[in-house]
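Please open the structure in your viewer and keep the selection tool at hand. The tour moves from one selection to the next and says what is to be found at each stop.

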Amino acid sequence: MTDALIKTDRFVLSETERSAIEHEMHHYEDPRAASIEALKIVQKGRGWVPDGAADAIGAILGIPASDVEGVATFYSQIFRQPVGRHIIRVCDSMTCYIGGHEAVVSEMQQQLGIGLGQTSSDGRFTLLPVCCLGNCDKAPALMIDDDTFGDIAPAGVASLLEAYP
Amino acid sequence: MSALNKPLASVGPANRVTRTEETHPLTWRLRDDGQPVWLEEYQRKNGYAAARKALTDMAQADIVQTVKDAGLKGRGGAGFPTGVKWGLMPTDESMNIRYLLCNADEMEPNTWKDRLLMEQLPHLLIEGMLISARALKAYRGYIFLRGEYVDAARHLNRAVAEAKAAGLLGTNILGSGFDFELFVHTGAGRYICGEETALINSLEGRRANPRAKPPFPAVVGVWGKPTCVNNVETLCNVPAIVGQGVDWYKSLARPGSEDHGTKLMGFSGKVKNPGLWELPFGVSARELFEDCAGGMRDGYTLKCWQPGGAGTGFLLPEHLDAQMYAGGIAKVGTRMGTGLALAIDDSVSMVSLLRNMEEFFARESCGWCTPCRDGLPWSVKILRALERGQGSREDIKTLLGLVNHLGPGKTFCAHAPGAVEPLGSAIKYFRSEFEAGVADPSQAATTGQFVPA
């Protein structure tokens with residue numbers, strides 16, 4: 001009964017995922033250390049970490065699923081619910097605050113019709129805040145997927161988003 | 001829109017100023033075009049010469065002593081003497097599994113210095129770690145890199161592979177009999193991972209709550225083994241110290257500075273030329289602000305500034321004559337932190353700025369200890385009320401109470417003390433702005449809309 005409630009999907013790791021996780025384990029004295037990387041491996045192919053992944057990863061690493069879940073919910077780059085095809089991370093640290101990031105965020109919210117932490121209805125973008133991106137001489141800064149951008153003005157938001165279909 | 005077509009985020013003034021090996025030990029190898037310096041070019045520019053000297057000509061204790069004598073201090077913000085930290089590692093041969101961790105979890109607001117070193121000079125960090133590992137007898141090292149630094153991760157991984165192929169990492173390095181392997185470990189995003197014991201927990205695959213100290217990592221670190229955690233910029237200082245010697249290193253700083261060597265310093269905010277420069281310790285903040293950053297942009301006036309990150313206090317324009325070194329900034333009442341300063345201009349409301357800062361600190365609290373977990377959101381609630389002009393008379397007293405109760409020694413780690421340092425100084429210098437957020441009680445009484453925060 002409990003199992004049925006918790007496991008909302010029939011999760012099976014792919015062979016590629018399994019071997020990538022097993023490869024990572026050997027970089028550390030204790031397999032547990034690969035738990036964050038294992039979550040990233042799962043997320044890389046699926047976009048997010050489905051519920052059953054904690055059991056599957058825990059089984060490989062020899063740690064309880066609850067520990068994997070504890071890690072998954074602690075770190076901001078691990079998504080425990082489906083996200084958009086592209087992740088927008090807007091730096092909200094003080095330097096970008098002074099640089100006018102709030103105007104950039106509201107422009108994005110208006111164009112995408114979503115708030116921070118939400119995904120656009122077409123499944124294209126998820127909008128998230130992020131700690132200082134280390135691009136402070138070019139504030140305000142943001143990332144879309146793996147690309148970092150600086151000196152963002154609200155007027156430039158539309159063309160920036162266009163590059164990510 | 002591939003990242004490959006775009007210049008690296010770290011390209012800036014540090015690439016453009018005139019640099020020499022004698023005066024800019026950290027940045028002289030940077031390329032004018034901002035491309036990374038790979039192994040062949042790094043070696044052509046004297047790279048790994050210091051590692052060769054350390055591994056083949058120096059006893060391990062001599063390396064530690066050299067770094068101690070050079071007076072190298074941690075560049076991550078706390079400024080603890082590196083040689084002393086190294087000296088805490090056990091010398092007992094039976095404890096021969098030791099780790100060297102590089103803290104590359106650069107997330108302090110307004111800090112973008114380690115990014116420059118890792119994106120453009122990955123081999124400098126690897127050489128620094130190799131020499132340091134030799135000094136500490138560490139057999140394995142990890143670079144704990146924040147997940148968002150994707151270019152740095154790519155460059156470090158390529159550089160590690162180059163070094164391995166060239167026999168600069170692996171077994172019997174440079175024929176010295178010393179073995180050292182190095183891994184790049186990318187994090188998954190939480191500011192608290194920069195706290196060294198939280199970093200250790202995170203590396204072990206746990207939630208990044210800080211650990212109690214003692215025992216210190218040098219005694220019980222990652223997987224219970226002796227561990228040394230040093231910042232990227234700190235480790236990048238080691239090759240020059242070993243290669244060019246203590247006397248040269250101690251001649252770098254300006255007269256009056258008690259700290260030695262150079263520091264990546266920056267200025268951002270509404271200045272004319274925001275950026276990062278390698279400067280000798282002891283330059284005045286005014287030099288950094290006016291000569292390097294060009295002063296304020298037209299139409300803006302400097303209201304106050306922060307010397308080095310969110311966890312440092314605010315200073316006034318008159319404090320710009322302070323020398324940039326730990327003691328110089330301490331004289332005017334706060335810490336130098338990371339040395340990357342932020343200009344706050346006259347268009348910025350201090351209440352709103354502090355609201356933004358405390359929202360960050362509250363979000364990034366790991367939640368482990370009560371004062372931090374509950375105190376920081378409380379400060380946010382009050383600051384939001386003051387920002388809306390709906391504060392109560394008690395609010396400023398409550399904020400000052402939080403500054404006191406979340407101060408050094410009262411919480412599990414340094415997160416909350418760092419959060420309240422700017423709050424305390426903002427109220428000290430700009431109290432009237434906070435008082436202006438208190439709702440007018442006479443109006444509240446008549447309209448009945450006054451709701452205490």
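**Before you select anything**

This is a predicted model, in which local features need pLDDT of at least 70 and side-chain atom pairs count only at pLDDT 80 or more, while totals for chains, interfaces and linings use all residues. Residues are numbered from 1 along each chain as its sequence is written, and chains are lettered from A and ligands numbered from 1 in the order in which they are written.

**Stop 1: chain A**

Select chain A, whose C-alpha trace spans about 50 × 35 × 25 Å along its principal axes. Its secondary structure comes to eight helices and four strands, where helices (H or I, at least four residues) and strands (E, at least two) are DSSP runs numbered from the N terminus. Colour residues 2–74 as domain 1 of chain A and residues 86–162 as domain 2 of chain A; such bounds come from an automatic or database domain assignment. The C-alpha centres of domain 1 of chain A and domain 2 of chain A lie 30 Å apart.

Now zoom in on A:Pro140, which sits in the loop between β2 (125–130) and β3 (142–144) of chain A. The peptide bond that joins A:Ala139 and A:Pro140 is cis, with omega about -5°. Most residues other than glycine have a negative phi, and most peptide bonds are trans.

**Stop 2: where chain A touches chain B**

Show both chains together: the contact takes 37 residues from chain A and 43 residues from chain B, and two residues count as in contact if their C-beta atoms, placed from the backbone, lie within 7 Å. Which element supplies the largest share of the side of chain A that touches chain B? That share, four residues, comes from α6(A), which covers residues 94–98. On this side of chain A, 18 residues are nonpolar, eleven polar and eight charged; here Ala, Val, Leu, Ile, Met, Phe, Trp, Tyr, Cys and Pro count as nonpolar, Asp, Glu, Lys and Arg as charged, and the others, Gly among them, as polar.

**Stop 3**

Begin with the open sheet of four strands in the order β3-β2-β1-β4 of chain B, in which the pairing is parallel; two strands pair if DSSP finds at least two bridges between them. Because β3 (181–186) and β4 (227–231) of chain B stand at the edges, each with a single partner strand, one side of each is left without a neighbour in the sheet. Next select β2 (residues 140–145) of chain B, which pairs with β3(B) in the parallel sense over six bridges, and look for B:Phe144, whose bridge partner in β3(B) is B:His185.

Two loops of chain B are worth a visit. B:Pro214 lies in the loop between α9 (196–203) and β4 of chain B, and a cis peptide bond, with omega about -5°, joins B:Lys213 to B:Pro214. B:Tyr48 lies in the loop between α2 (39–44) and α3 (49–57) of chain B, and its phi is near 70°, a positive value in a residue other than glycine.

**Stop 4**

Move on to the open sheet of four strands in the order β6-β5-β8-β7 of chain B, where the pairing is mixed. Strand β5 (residues 262–269) of chain B pairs with β6(B) in the antiparallel sense over six bridges, and B:Phe267 stands opposite B:Gly275 in β6(B).

**Stop 5: two helices of chain B**

Finally, select α14 (residues 350–364) and α15 (residues 370–387) of chain B, which pack at an angle of about 155° with their axes 9 Å apart; axes are lines fitted to C-alpha atoms, for helices over the stretch in contact, and angles run from 0 to 180 degrees between N-to-C directions. How do α14(B) and α15(B) run, roughly parallel or roughly antiparallel to each other? They are therefore roughly antiparallel to each other, a description used for angles over 145 degrees. Among the residues that make the contact are B:Leu354 and B:Phe361 of α14(B), together with B:Val380 and B:Leu383 of α15(B). By class, this contact of α14(B) with α15(B) has nine nonpolar, two polar and five charged residues.

Terms used:
Parallel < 35°, antiparallel > 145°, perpendicular 65-115°, else oblique.
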